[in-house]
Amino acid sequence: MPAADADGLAITLGVEEEFFLVDPGTRDLLSDPDPGIFELCERTSGPHRIVRELLRSQIETNTRVCGSVAELRQALRDTRRIVIAAAERHGAAVMAASTHPFAKWQTQATTPRDRYERFTLTFQDNVRRFLIGGMHIHAGFGDADTRIRVMTAIRRYLPLMHALSASSPFADGRETGFKSWRLTLVGGLPRTGLPRALGSRAAYDRLVAEYRRRDFIGDGSELWWDIRPSHTYPTIEMRICDVCTRLEDAISIAALYASLIRWLVRLSREDALPPEPLTELIAEDRWIAQRYGVFAFFGGRDGARVDIDDHLAGLVGQLAGDARALGCEAEMRRALAIVREGAGADRQLDLYRLRRLEGDSHDEALRRVVDLVLEETRETIADPPDGKCADSSPGRGNAK
């Protein structure tokens, strides 16, 4: 656990990542992977937690609680190494992206668990089509009321966070036209999307109690908002992000999230949090992020659209002092490179279009996209030479 800094602030971090298990020969998903993968992960997970997901073709990692972004980088590298080693030992490969380019949801098998069977019975095809993975970042800080106020204040920044993570441009063998198709599939379930503005833990508890009174949910874990108080831990869980293929992209988003929290906690102490924008307007920016990713233009204060690059540059400058206090300024600033070089979705689309121009069939090009994601996923478990924030390779994504 981190000690409080000079301002009396301490933030802990943890990340959940949901990966696909792929057949290295066909590049399709393994609808019934070797159980030895999960058994070996359980035996070798150490302080982390690695579990089965809704679909058998997926696996979820949960890092230990980390006291800094540097610790989180090592924890994420550890969990990815564990899963990749176990998968490769049992003839599988690991894919860090939020959709598979051509796998069919109709051929997937559900993990036999009461919770998953209940969800399938209730939500029907909305769950059967749920062939997606996400990245959830937990941050522990402050007291319960402060966490709720900061959660509400962060809502306006969620579209930016999502654009930086976008990695799901393909689904069912199609180019969807979205940088993140995952959010479209998530939206088929109730209690998803943006939470309304909440001012206290008591207000949140009243809402959960009303949902339970009407028998809509069993507990707060069935509120699948883009950001929520964790039902299990004293954290705020940001759930809007796609899985980042590159580990350093995930670290950059986590550093931006932590720095933003620290800044907002300071404002909350001074009773100086900015006025809340309309939830409906944040939702418009959310859709724009989903559609365009790092090419998004967001709504500005005066109604003019603001390029994501300018929006992020202003925020990074504003948060520089908080990032320095957390020891993650370089990691936070790397978000600027994601915008200018492209996120995971951009690299997938660039390669697909290049392969089509060079003569590959549609199916061949999609298999090459899978190869790219598998390669990048595996590359990210290597330590950078100096143990610091690794720069992304130039020219791999859409340059701005």
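At 5% relative accessibility, G220 counts as buried (buried means under 20% relative accessible area, exposed over 50%, partly exposed in between, with a 1.4 Å probe and protein chains only). This is a predicted model: local features need pLDDT of at least 70, side-chain atom pairs count only at pLDDT 80 or more, and totals for chains, interfaces and linings use all residues. Residues are numbered from 1 along each chain as its sequence is written, and side-chain values use heavy atoms, leaving out hydrogens and water.

**Buried positions**

- G220 is found in the loop between α8 and β9 (helices, H or I with at least four residues, and strands, E with at least two, are DSSP runs numbered from the N terminus).
- Leaving aside neighbours within four places in sequence, G220 is in contact with Y204, V208, R228 and H231 (contact means heavy atoms within 4.5 Å).
- R262 is found in helix α9 (residues 247–269). R262 is buried, with a relative accessible area of 4%.
- Beyond its neighbours within four places in sequence, R262 is in contact with D5, D7, L9, I11, D322, A325 and L326.
- Helix α6 (residues 158–165) has 8 of its 8 residues buried, so it is largely enclosed by the rest of the structure.

**Aromatic pairs and rings**

- The count comes to 8 aromatic pairs (rings of Phe, Tyr and Trp, the last by its six-membered ring, pair if their centres lie within 6.5 Å; planes under 30 degrees apart count as stacked, over 60 as edge-to-face and the rest as tilted).
- F170 and Y352 have ring centres 5.3 Å apart and planes at 65°, so the pair is edge-to-face.
- That pair links distant parts of the chain: F170 is in strand β6 (residues 170–171) and Y352 in helix α14 (residues 344–357), 182 residues apart.
- F170 counts as buried at 0% relative accessibility. Y352 counts as buried at 10%.
- Y204 and W225 also pair edge-to-face, 6.2 Å centre to centre with 75° between the planes.
- Here Y204 is in helix α8 (residues 201–213) and W225 in strand β9 (residues 224–225), 21 residues apart. Both Y204 and W225 are buried.
- F119, F123 and W224 form one aromatic cluster.
- The charged end of R113 sits over the ring of Y116, 4.8 Å from its centre (NZ of Lys or CZ of Arg within 6 Å of the ring centre and within 35 degrees of the ring normal).
- The charged end of R174 sits over the ring of W181, 5.9 Å from its centre.

**Salt bridges**

- A search of the whole structure finds 33 salt bridges (a side-chain nitrogen of Lys or Arg within 4 Å of a carboxyl oxygen of Asp or Glu).
- E248 and R77 meet through their side chains in a salt bridge (4.0 Å, N to O).
- E248 lies in helix α9 and R77 in helix α2 (residues 69–89), 171 residues apart. E248 and R77 are both buried.
- R246 and E376 form a salt bridge (3.5 Å, N to O).
- R246 lies in the loop between β11 (235–242) and α9 and E376 in helix α15 (residues 362–379), so the pair ties together parts that are 130 residues apart in sequence.
- R334 and D249 form a salt bridge (2.5 Å, N to O). Both are buried.
- Salt bridges that share partners join R73, R77, E248 and E331 into one network.
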